[in-house]
Amino acid sequence: MASLKLSAPSSQWIAGERSLDRRSRILTAAPRRRVAVGPIRAGSYTDELVQTAKVIASPGRGILAIDESNATCGKRLASIGLDNTEANRQAYRQLLLTTPGLGEYISGAILFEETLYQSTTDGKKFVDCLRQEKIMPGIKVDKGLVPLPGSNNESWCQGLDGLASRCAEYYKQGARFAKWRTVVSIPCGPSALAVKEAAWGLARYAAIAQDNGLVPIVEPEILLDGDHPIERTLEVAEKVWAEVFYYLAENNVVFEGILLKPSMVTPGAEHKEKASPEMIAKYTLKMLNRRVPPAVPGIMFLSGGQSEMEATLNLNAMNQVPNPWHVSFSYARALQNTVLKTWQGRPENVVASQKALLDRAKANSLAQLGRYSAKGESEEAKTGMFQKGYTY
């Protein structure tokens with residue numbers, strides 16, 4: 001009698017049986033106890049970080065950035081015929097930081113390390129001058145840009161070595177937030193390497209700053225250099241911010257305890273068509289809504305070489321609609337340009353210079369509230385400050 005031969009089951013049939021078996025086990029198994037996942041915390045400073053960020057991101061106020069390195073401050077002083085000495089740097093920063101009523105419009109001031117430890121000529125610490133006006137003292141903590149090997153003539157930001165101990169000392173001195181600036185260049189690509197390096201460096205810095213009580217300002221500046229259209233800037237900005245937030249999450253950074261300092265989405269400075277404030281607002285808010293979680297309390301824009309008036313108009317346009325974040329300013333040249341030219345290093349011009357600072361701060365305060373009008377702006381305020389290849 002011929003034996004019956006049973007053919008082996010096909011791999012498809014076996015896979016189906018295994019799949020059914022897995023599903024049946026899942027359906028009949030007893031329900032498992034869910035494991036609660038705790039919130040990400042930044043050590044003992046979490047509550048303080050969140051509160052500090054909220055104070056800085058308060059209605060009608062923004063940040064005065066006076067964190068220029070000694071070399072960069074020297075360039076500013078040279079523009080009005082002054083030597084780059086500590087006494088001259090102190091005199092200029094004293095003019096800014098002792099302006100009466102500044103706290104009505106300014107919630108934070110980013111200082112260079114020298115300034116954090118300096119006092120006025122009559123012995124009052126600059127940190128105390130700020131506290132008197134209810135302005136949070138901040139500190140620049142990066143060590144500047146250097147060439148990035150293996151890239152397309154791009155840069156990376158150094159300063160992670162020793163950062164934890166420096167942040168701890170800055171906190172003791174009175175600083176409550178920090179700034180780290182790196183850059184991305186569109187004419188140079190940007191390369192994937194440069195974008196990843198910028199994002200990783202910012203994330204490591206942010207985690208270290210939070211661990212030592214400082215709210216980190218996260219600043220990947222997309223430089224204005226180039227002749228590209230606004231659409232290209234949007235594309236690059238979305239790529240950069242996606243990478244930044246990926247690594248911020250990887251490093252367990254508390255989003256409620258950070259501030260952002262992005263570039264506005266504009267065409268390249270050498271592009272043939274100039275964008276209106278309404279267009280810049282549209283593209284910038286599109287990028288932010290696509291990439292920035294609403295948990296982030298404040299978006300403090302840099303001016304990046306725009307004129308004083310341009311920076312204020314663009315900020316005002318972005319505040320014509322409700323936003324999930326406090327959309328404000330962290331300007332350096334766009335707050336200081338007229339001030340410096342008014343001062344000219346002369347003691348008799350201090351009061352007029354402080355009035356110029358208050359006027360500029362008030363204009364941006366109104367822009368943060370969406371109520372700014374450019375009527376009556378001076379010609380100086382309309383003068384662009386873009387410099388190709390500008391270095392800090």
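Figure 1. Let us start with Glu-169, which is partly exposed at a relative accessible area of 39%. This close-up, like the others here, comes from a predicted model. The partner of Glu-169 is Lys-172, and the two form a salt bridge whose closest N and O atoms are 3.6 Å apart. Both residues belong to helix α7, which covers residues 163-173. They sit 3 residues apart, or about one turn of the helix. Lys-172 counts as exposed because its relative accessible area of 66% is over the 50% cut-off.

**Figure 2. Asp-67 meets Lys-179 in a salt bridge.** Here the side chains of Asp-67 and Lys-179 come together, with an N to O distance of 2.7 Å. This pair joins distant parts of the chain, 112 residues apart. Asp-67 is found in the loop between β1 (62-66) and α3 (70-78), while Lys-179 is part of strand β6, residues 177-184. Are these two residues buried or exposed? Asp-67 has a relative accessibility of 6%, so it counts as buried. Lys-179 is buried as well, with a relative accessible area of 6%.

**Figure 3. Glu-219 and Lys-179, a salt bridge from strand to strand.** Which residue does Glu-219 meet in a salt bridge? Its side chain meets that of Lys-179, at 3.5 Å from N to O. Glu-219 lies in strand β7 (residues 215-222) and Lys-179 in strand β6, so that distant parts of the chain, 40 residues apart, are linked. Both Glu-219 and Lys-179 are buried. Taking in Asp-67 too, we see a network of salt bridges that links Asp-67, Lys-179 and Glu-219.

**Figure 4. Helix α8 packs with helix α9.** Now we turn to a pair of helices: α8 spans residues 192-211 and α9 spans residues 230-250. Their axes are 8 Å apart and meet at an angle of about 40°. That angle makes α8 oblique to α9. The crossing of α8 past α9 is right-handed. On the α8 side, the contact is made by Val-195, Lys-196, Ala-199, Trp-200, Leu-202, Ala-203 and Ala-206. Helix α9 contributes Lys-239, Val-240, Glu-243, Val-244, Tyr-247 and Leu-248. What classes of residue make up this contact? There are 10 nonpolar and 3 charged residues, with no polar ones.

How values were computed. Residues are numbered from 1 along each chain as its sequence is written. This is a predicted model: local features need pLDDT of at least 70, side-chain atom pairs count only at pLDDT 80 or more; totals for chains, interfaces and linings use all residues. Side-chain values use heavy atoms; hydrogens and water are left out. Axes are lines fitted to C-alpha atoms, for helices over the stretch in contact, and angles run from 0 to 180 degrees between N-to-C directions. Helices (H or I, at least four residues) and strands (E, at least two) are DSSP runs, numbered from the N terminus. Angles under 35 degrees count as roughly parallel, over 145 as roughly antiparallel, 65 to 115 as roughly perpendicular and the rest as oblique. A crossing is left-handed if the near helix is turned anticlockwise from the far one by less than a right angle, and right-handed if clockwise. Contact means heavy atoms within 4.5 Å. Ala, Val, Leu, Ile, Met, Phe, Trp, Tyr, Cys and Pro count as nonpolar, Asp, Glu, Lys and Arg as charged, and the others, Gly among them, as polar. A salt bridge is a side-chain nitrogen of Lys or Arg within 4 Å of a carboxyl oxygen of Asp or Glu. Buried means under 20% relative accessible area, exposed over 50%, partly exposed in between (1.4 Å probe, protein chains only).
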